[in-house]
Amino acid sequence: VGDERVRDALEAEVPLETLTFESFFAGKANAFTLSIAQSVAAKPGGEYNPLFLYGNVGLGKTHLISAAGNAIRQNHPKHRVGYVSASHFSRRLKEALAADAQEAFRENYCHWDVLILDDWGMTPLDQAARHDLLEVIDDRATSRSTIITSQLPIDHWHAWLNDPTVADAILDRLVHRSHRIP
């Protein structure tokens, strides 16, 4: 039953409701990242846009971004907040391609006020998925809040995306405006 609820939550394209700032285990190692996520929740699209969290599995990336999304939904009820895992994005894109509905697919993800993309770099992307990811990121780059997590270091994204031009364009839009925490 528990696994079913998690699967249903992931398909819903909303942040996981049980993951909040109040339930996040904060410590010295993640206090700064927590404060950044809280800042994003307080002012979506503000200073920390895009927010890109990178780290190993089990560090709380999904918890923090879901907590930020849930706080935005609570404190900014008019904001449309979407949560999408990389595997769900790829699956939805394949469905859109099969139905010749790529434009509707892109429009859906481009028009959310806050788009949370979780676990990027783990699922291979074909050429169509790379192109659509670039279209979504490009459209959102200066106008809407984007939050991304990955276990894959940024310097491995060229190999993951397997297209130097698309990789450069995506990384330019994500990393060029981001804050790096050593």
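This section describes the packing of helices α5 and α6 and the aromatic pairs around Phe89 in a predicted model.

Helix α5 (residues 102-110) packs with helix α6 (residues 127-140) at an angle of about 40 degrees, and their axes are 9 Å apart. The two helices are therefore oblique to each other, and α5 passes α6 in a right-handed crossing. On the α5 side, the contact is made by Gln102, Phe105, Arg106, Tyr109 and Cys110; on the α6 side, the contributing residues are His131, Asp132, Glu135, Val136, Asp139 and Arg140. By class, the residues of this contact comprise 4 nonpolar, 2 polar and 5 charged.

In the whole structure, 8 aromatic pairs are found. One of them joins Phe89 and Phe105, whose ring centres are 5.1 Å apart; the planes lie at 65 degrees, so the pair is edge-to-face. Because Phe89 lies in helix α4 (residues 86-98) and Phe105 in helix α5, this pair ties together parts that are 16 residues apart in sequence. Phe89 has a relative accessible area of 0% and is therefore buried. Phe105, at 4% relative accessibility, also counts as buried.

Phe89 forms a further edge-to-face pair with Trp120, at 5.2 Å centre to centre and 75 degrees between the planes. This pair links distant parts of the chain, with Phe89 in helix α4 and Trp120 in strand β3 (residues 114-120), 31 residues apart. Both Phe89 and Trp120 are buried. One aromatic cluster is formed by Phe52, Phe89, Phe105, Tyr109, Trp112, Trp120, Trp157 and Trp160. Of these cluster members, Phe105 and Tyr109 also take part in the contact of α5 with α6.

Technical notes. Residues are numbered from 1 along each chain as its sequence is written. This is a predicted model: local features need pLDDT of at least 70, side-chain atom pairs count only at pLDDT 80 or more; totals for chains, interfaces and linings use all residues. Side-chain values use heavy atoms; hydrogens and water are left out. Axes are lines fitted to C-alpha atoms, for helices over the stretch in contact, and angles run from 0 to 180 degrees between N-to-C directions. Helices (H or I, at least four residues) and strands (E, at least two) are DSSP runs, numbered from the N terminus. Angles under 35 degrees count as roughly parallel, over 145 as roughly antiparallel, 65 to 115 as roughly perpendicular and the rest as oblique. A crossing is left-handed if the near helix is turned anticlockwise from the far one by less than a right angle, and right-handed if clockwise. Contact means heavy atoms within 4.5 Å. Ala, Val, Leu, Ile, Met, Phe, Trp, Tyr, Cys and Pro count as nonpolar, Asp, Glu, Lys and Arg as charged, and the others, Gly among them, as polar. Rings of Phe, Tyr and Trp (its six-membered ring) pair if their centres lie within 6.5 Å; planes under 30 degrees apart count as stacked, over 60 as edge-to-face and the rest as tilted. Buried means under 20% relative accessible area, exposed over 50%, partly exposed in between (1.4 Å probe, protein chains only).
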